[in-house]
Amino acid sequence: MSKYLESDNKQKLNYLYPIKPKVTRPQREKLMLQQGKLIWFTGLSGSGKSTLAIQMESVLHDKGFKTYLLDGDNIRAGLNKNLSFSDDDRKENIRRIGEVAALMLDAGLVVLSAFISPFEEDRQQVKSLVGSDNYLEVFVDAPLAVCEERDVKGIYQKARQGLIKNFTGIDSPYERPVSPFVHLRTDQGSVEVCIEVLMDKILPVVERGEKNLPGH
């Protein structure tokens, strides 16, 4: 268990009483004419997660959806800047992201997140946190050799030289998703083709219209 969670459990926090807003998530979704979902892009560094998430958000935005993109480097530069890349801190990194995503889903947003998230247990934790109906896992799959070829920053090279520790795919494992909502082989298709596949699968799930919303 993460040291952060252990600290929380010790405190118990029995003095907290979360408020119950009058405005509910279904009401927000009705106003926005969409269904909030978490689109979770997972894969090795260099597989194309951020590229696809950025393009996907742009396409959804152009269609009128209210979205927000969470990306690994951006989150680690702020909210999670006190975390390292140890296994425990990686778990805590994903847990915090899941909590943030849950708040955004409650606001009715379509949330796109691009994180290596190498451990199946952690991805399942996020799925449990936001609800299985709200979690759309996208496995962005590319062979390690291809990811290394795409690495213009030389991060993989530094990891192989031992300059970067606990790097996924080199000295830290990546557990492939068991049953993702969408499985994309980015070494076999262009960004445009991948986006077409994503839109065909995801658009019906977040589609606007009262007939698709809870209570209708």
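Buried means under 20% relative accessible area, exposed over 50%, and partly exposed in between (1.4 Å probe, protein chains only).

Helices (H or I, at least four residues) and strands (E, at least two) are DSSP runs, numbered from the N terminus.

Before going on, a word about what is on screen. This is a predicted model, where local features need pLDDT of at least 70, side-chain atom pairs count only at pLDDT 80 or more, and totals for chains, interfaces and linings use all residues. Residues are numbered from 1 along each chain as its sequence is written, and side-chain values use heavy atoms, with hydrogens and water left out.

Next, zoom in on F41. Leaving aside residues up to four places away in sequence, F41 touches K49, L52, A53, M56, L112, S113, A114, F115, V138, V140 and L198; contact means heavy atoms within 4.5 Å.

Which residue forms a stacked aromatic pair with F139? Select Y174: the two rings are 6.1 Å apart centre to centre, with 20 degrees between the planes. Rings of Phe, Tyr and Trp (its six-membered ring) pair if their centres lie within 6.5 Å; planes under 30 degrees apart count as stacked, over 60 as edge-to-face and the rest as tilted. F139 lies in strand β4 and Y174 in the loop between α8 (155–160) and β5, so the pair ties together parts that are 35 residues apart in sequence. F139 is buried at 3% relative accessible area, and Y174 is buried at 16%.

For another aromatic group, show W40, F115 and Y135, which form one cluster. Then find K201, whose charged end sits over the ring of F181, 4.9 Å from its centre. (The rule asks for NZ of Lys or CZ of Arg within 6 Å of the ring centre and within 35 degrees of the ring normal.)

Finally, zoom out to the whole chain, with its nine helices and five strands. Buried residues make up 43% of its 216 residues.
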